[in-house]
Amino acid sequence: MGQGKYTAHIAVVASAVALSLAVWGAAALMDDEAVAKMGDTTASQTPDGKPKAPDQVRPAKVPESIAHAAEQGGSAVNITIDDGPDARWTPQMLDILKENGVKAVFCMVGPMAKQNPDIVKRVVAEGHRLCDHTVSHDTTMDKKPFAYQKQEILDAKKMIEDAAGGARIDYYRAPGGAFTPDSRRLASGLGMRPLGWNVDTKDFEQPGTASIVNTVKNELSNGPTILFHDGGGDRSQTVAALRQVLPWLKQNGHSFSFPVRTTP
């Protein structure tokens, strides 16, 4: 090989090596999420190529910001129901939702889910979504150390998952809206989008069925996510209000959606 050809050959080899190193470096810097987007399936496999158990697969992180919008957009609304499940009231609400073809988000308190696993499983089977609403429903948890907040969230998550047979928990709602940056970051890292609300029906105060219905009608312009309760006391007024509110929403051009999970 002549000197000129040899030099050219070395240049080509060096270029190829440099390109390979660049590709390797980019791959090394790529996080699991990016790899997953490229179709890599190794994140859900053990080293010997077998599928990981559900609790071994890291959930996809969702935004830390508090969600209010509806996935469908437009005039869609989100029905969210807190503090249960309750053996008396939750089944009645599930019946009403089913009669109206509506899906909701149930924000469950851990011990209530543990106490009523059959209801939790029904919620999942009927196409509703789950939300972690902590263990103690402490509305002052934003004033407590992060270690306390973390335990409240993680313990409730485990109780709800166990009751649900391993179903995914899509959201985290802090009691009374007592979010902190750390609690939102923790929840999002576990695949649970922090969830707010726009219309607080104040049904937990038992103001009367008419008052609950009128609050929805008067405050819906605030945004699409409506807050009801199925736990924490007598919810007969909420049951009666749902019977009126869901048909009214349909008659006024509203569809039903879930809160956003993956967009800011």
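**The pairing of α8 and α9**

Tutor: In this predicted model, α8 passes α9 in a right-handed crossing (the near helix is turned clockwise from the far one by less than a right angle). Helices are DSSP runs of H or I with at least four residues, and strands are runs of E with at least two. Residues are numbered from 1 along each chain, and local features need pLDDT of at least 70, while side-chain atom pairs count only at pLDDT 80 or more and totals for chains use all residues. Side-chain values use heavy atoms, without hydrogens and water.

Helix α8 spans residues 209-219 and helix α9 residues 236-251; their axes, fitted to C-alpha atoms, lie 8 Å apart at an angle of about 35°. From α8, T209, I212, V213, V216 and K217 meet Q237, T238, A240, A241, Q244, V245 and W248 of α9, a contact being heavy atoms within 4.5 Å. The residues of this contact comprise seven nonpolar, four polar and one charged.

L246 touches I79, I96, L97, N100, V102 and F256, leaving aside residues up to four places away in sequence.

The chain as a whole contains nine helices and eight strands. Of its 264 residues, 41% count as buried, that is, under 20% relative accessible area with a 1.4 Å probe.

Key:
Axes fitted to C-alpha atoms, helices over the stretch in contact; angles between N-to-C directions. Nonpolar A, V, L, I, M, F, W, Y, C, P; charged D, E, K, R; others polar. Buried < 20%, exposed > 50% of the residue type's maximum accessible area, 1.4 Å probe, protein only.
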